[in-house]
Amino acid sequence: MQAIFENFGIYAHVPFCSKPCGYCRFYKLRPKPEDIAEYVRVCAAEAGSLAREGVPEKIDTMFWGGGTPSSLSEGEIERLAEALGRFRPSREWTVEVSPSSVSRGKLETLRRIGVTRISLGVQSFDEGVLRSLGRAHTLNETLKAIDAVAEAGFENFSIDLIFGAKGQTESQWRADLRRAAECPVNHISAYCLEFESGTSCCGGITGAEEIEKRAREGDFFEIAMDELPALGFRQYEISNYAREGGECLHNLSTWHMAQWAGVGPSAASQFGGYRRRNAPNFEKWKLGIENSAPAYEDAVKLDDDEMFSSALIFGLRMNEGVDLSVLRARFPKADCGRYGESIKFLEGLGLLEALKDRLRLTRAGRLVADSVAVELL
Ligand code: SF4
């Protein structure tokens, strides 16, 4: 069987949101009437260009994220699938949908075109928390969307939850986790609001308040780590929990540093020895593709040192951690010795544990994974 790091995926960024949320760090825009047709047309051109660069037609996974892919109409969903149709995912095809924009018709269309997995952005089952997050949907819309996804027959169904909203209590968070686990889902993502936003949502707070906020987020994170496994969802990555076989293969491939190609503004790619990101700007992205001069940001040529470092840091996000002997074999020219001191230091702090060649975060390490990554960089 093919190793997971040999997978090839396509990520399509659908950048449209009818009501952008204040905390969101992803590239998005409110579409003008002509934008979606333009987007689909340019995606088709970008797919052709990626194929000429060597992206294989038979891929393992496809992921449409955003933005809000379900803000497209049924016809637009079909046209985007046609635009990317030269790439055929053999193992998994995920589409993110929002409770306020998904419908039975759109879900039937997604099934018909071959989508195998739905990720629903619930965020919370509590109306007060939803208001605090500034989300466009209501609890009623969430419940209808959950029924619609289940009725459409998607076996792989994930719910996204967020913790750390202003005023959110531990009991509200526990209730969200339990309610999500009662849904017909085999995957739950539990994200910290601050991580999602990439910035603090509480600008101007004092050091003491910051420490208190961090401690509170740690408490919420630990509640998820305790509650979800007890409800049958194994934690397999810092923010992700699944029933047996429900893990998201596309994201696993990313943490294993496989290869993927991005389509759409802001989408990242890593293949053929390079990593790059499309410009996070609709016009720049569109003009770049139309003029055969794609607008990339952060383009880097990948060598064994860079890949070893990325595979180590992202691999440690997974509960299984990394097998250093596999990484050494994959990236033989990497200077692995340079991590020795940091690994010992982190082991001494009880944040990392080594079992022969396998290295993984401890429970305490998972609470401060970003700081562990900084120490290893
Ligand atoms: S959180 Fe989702 S719906 Fe809100 S702005 Fe970001 S991508 Fe759009």
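This is a predicted model: local features need pLDDT of at least 70, side-chain atom pairs count only at pLDDT 80 or more; totals for chains, interfaces and linings use all residues.
Two strands are taken to pair if DSSP finds at least two bridges between them.

The C-alpha atom of Gly67 is separated by 19 Å from that of Ala44, although the two residues are 23 residues apart along the chain. Gly67 is also one of the residues that surround the ligand, together with Cys17, Pro20, Cys21, Tyr23, Cys24, Lys28, Gly66, Thr68 and Arg135. When the residues of this shell are sorted by class, five are nonpolar, three are polar and two are charged.

Helix α3 (residues 104–113) contains the buried residues Gly105, Lys106, Leu107, Thr109 and Leu110. The buried residues of this helix pack against α2 (74–83), β3 (88–97), β4 (117–123) and α5 (139–152), and the helix is followed by Gly114, whose phi is positive, near 115°.

Antiparallel pairing is found in other parts of the chain. Strand β7 (residues 234–237) is joined to strand β8 (residues 240–242) by three bridges, and the two run antiparallel; a hairpin of two residues connects them, and Glu237 has Asn240 in β8 as its bridge partner. Strand β11 (residues 274–278) and β12 likewise run antiparallel, with four bridges between them, and the bridge partner of Tyr274 in β12 is Lys301. Strand β12 (residues 296–301) is hardly covered, as the count of buried residues among its six residues is zero.

An open sheet is formed by three strands in the order β13-β15-β14, with antiparallel pairing. Strands β13 (322–323) and β14 (352–355) stand at the edges and have a single partner strand each, so that one side of each is left without a neighbour in the sheet. Two bridges join β13 to β15 (residues 358–361), and Val322 stands opposite Leu359 in β15.

Helix α13 (residues 340–348) lies across β14 and β15 and runs at about 110° to β14. Two packed helices are described by the angle between their axes and the distance between the axes. The axes of α13 and helix α15 (residues 369–376) come within 9 Å and cross at roughly 150°, which makes α13 roughly antiparallel to α15, given that angles over 145 degrees are counted in this way. In the contact between these helices, Ser342, Ile343, Phe345 and Leu346 of α13 meet Val372, Glu375 and Leu376 of α15, and by class the contact consists of five nonpolar residues, one polar residue and one charged residue.

Notes: Residues are numbered from 1 along each chain as its sequence is written. Side-chain values use heavy atoms; hydrogens and water are left out. A residue is near a molecule or strand if one of its heavy atoms lies within 4 Å of it. Ala, Val, Leu, Ile, Met, Phe, Trp, Tyr, Cys and Pro count as nonpolar, Asp, Glu, Lys and Arg as charged, and the others, Gly among them, as polar. Buried means under 20% relative accessible area, exposed over 50%, partly exposed in between (1.4 Å probe, protein chains only). Contact means heavy atoms within 4.5 Å. Axes are lines fitted to C-alpha atoms, for helices over the stretch in contact, and angles run from 0 to 180 degrees between N-to-C directions. Angles under 35 degrees count as roughly parallel, over 145 as roughly antiparallel, 65 to 115 as roughly perpendicular and the rest as oblique.
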